[in-house]
Amino acid sequence: MKGLIGQSGLDARCATQLRVLQCIRMAAEISRTDIARALDSSPATVTAACTALLRAGLICEVERAPSDTVQRGRPRIMLQIANGAFYVAGMKIARHAILVMIVDSQGGEIVTHTAPLETSRMKAEDLVRAVRHALEAACAGCGLGIGQIAGVVLGMPGFVNGLTGFMHWSSSVLERNVDFAPLFREHLPCPTFIDNDANLVAKAEHLFGAGRGLRNFLVVTVEHGVGMGIVLDGELYRGERGCGAEFGHTKVQIQGAVCQCGQRGCLEAYVGDYAMVRDAATGRQGDGPTSIPEILEAARQGDALAQEVLQRASQFLGVALANLVNLFDPEHIVLARSRPPFDHPYPETMLDALRRNTVEVDAPLPEITVRNLDESMWAKGAAVHGIELVSILKIREQGAADAA
Ligand SMILES: [Zn+2]
């Protein structure tokens, strides 16, 4: 299964088809000539790739009136992503629920569905069963049969190898070292993939959000834990074992606070929601704040411990972001969370720590966007990734059929 997702698993002909398909997707509607120009490729190569994509049912032709008098009388043949070629489901495994978004092959949203979870951490097989139920409910909500879904992508927190389907560790799963591929084959009706949830938010930001058109940018998510997606030279960077970008587990304190990963001194052991709730309750007899909104409210009311916890988290995050700027020199960093929103002094303290710890050069800092993330963005990123993966599978199938 290794290499299923990476373009490295495709031969040169299929890789060209994928590039042509992505070009058509970005443009929405484009002629063969303009594709060749955009990809700096020969018209013959583009024509051959388009023929294969048309045969695979992934794209379609549309006629448009000629754009100028030179071509008078001859309609222009444009290419589009085929509508209804397939459906995919993107899912985010959150603490409280599984969020599902079903989209069509053009990326059009068909339905979103939230399936509550009774517990935030469960056995891998129980999680896959819950995913199946969530998928069934989402399909029922839009009149699709579960058999019509061509692919599923699950975004989950933790050390997840998106290339192989192997999960080293996740705060959502009780076991460590789980190969999800056989569980997916047993419980789900179509090819199913996992990926780190922050990677999928980075995908969504790259296509629809602040990262649109950028070559080098980072997305940092701050929630129960702290995640990151890295886009370098226009591509998601995953690392050699598929579990890179673990920003939340970079160490900020030797022999520091215990992290949910089992190690000490991780960034998220100070900045993650669970850590702040834990620290704000220290030394109290069960009457301390039990959520981030309660910590914020306690700090506003003058509670010294709540203020200290917030201040420390802001400074740690600011310094850690400065380290990212010093390492990557990105064009843009998106700092995102779903809820509660960033509506408190936290960002200002953090940005101040960031500015004071970034290497001094005679050039402006990268742009920082502090974003309150619409929860559907996680599932949307997963769905968009699913479109790409199912397209690769279909290109491969067509390639194998052509070779036979
Ligand atoms: Zn950790």
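**Zinc site, a buried serine and an open sheet**

Visitor: Which residues are the protein donors of the zinc ion?

Guide: This is a predicted model, and in it the zinc ion is held by His249 (ND1), Cys259 (SG), Cys261 (SG) and Cys266 (SG) as protein donors, lying 2.0 to 2.4 Å from it.

Visitor: What spacing do the donors follow along the chain?

Guide: Reading along the chain, the pattern is H-x9-C-x1-C-x4-C.

Visitor: And why is the arrangement tetrahedral?

Guide: Because the four donor atoms subtend angles of 105 to 118 degrees around the zinc ion. For reference, the ideal angle for four tetrahedral donors is 109.5 degrees.

Visitor: Is cysteine 259 buried or exposed?

Guide: Cysteine 259 is buried, and cysteine 266 is buried as well.

Visitor: New topic: where is serine 172?

Guide: Serine 172 sits in the loop between strand S9 (166–169) and strand S10 (178–179). Its relative accessible area is 3%, under the 20% limit, so serine 172 counts as buried.

Visitor: What does serine 172 touch?

Guide: Leaving out residues up to four places away in sequence, serine 172 touches Ile93, Ser120, Arg121, Met122 and Pro157.

Visitor: On to the open sheet. What order do the five strands take?

Guide: The order is S14-S13-S12-S15-S16, with mixed pairing. Strand S14 (235–237) and strand S16 (367–372) are the edges, each pairing on one side only. From one strand to the next, the twist averages 25 degrees.

Visitor: How do S15 and S16 pair?

Guide: Strand S15 (residues 332–337) runs parallel with S16 over six bridges. Alanine 336, for one, has arginine 371 in S16 as its bridge partner.

Definitions and conventions
Residues are numbered from 1 along each chain as its sequence is written. This is a predicted model: local features need pLDDT of at least 70, side-chain atom pairs count only at pLDDT 80 or more; totals for chains, interfaces and linings use all residues. Side-chain values use heavy atoms; hydrogens and water are left out. Donors are N, O and S atoms within 2.8 Å of the metal (3.2 Å for Na, K and Ca); water is not among the atoms, so sites may look incomplete. Four donors count as tetrahedral if all angles lie between 85 and 135 degrees; four count as square planar and six as octahedral if opposite donors are over 155 degrees apart and all others between 65 and 115; anything else is irregular. Buried means under 20% relative accessible area, exposed over 50%, partly exposed in between (1.4 Å probe, protein chains only). Helices (H or I, at least four residues) and strands (E, at least two) are DSSP runs, numbered from the N terminus. Contact means heavy atoms within 4.5 Å. Two strands pair if DSSP finds at least two bridges between them. Axes are lines fitted to C-alpha atoms, for helices over the stretch in contact, and angles run from 0 to 180 degrees between N-to-C directions.
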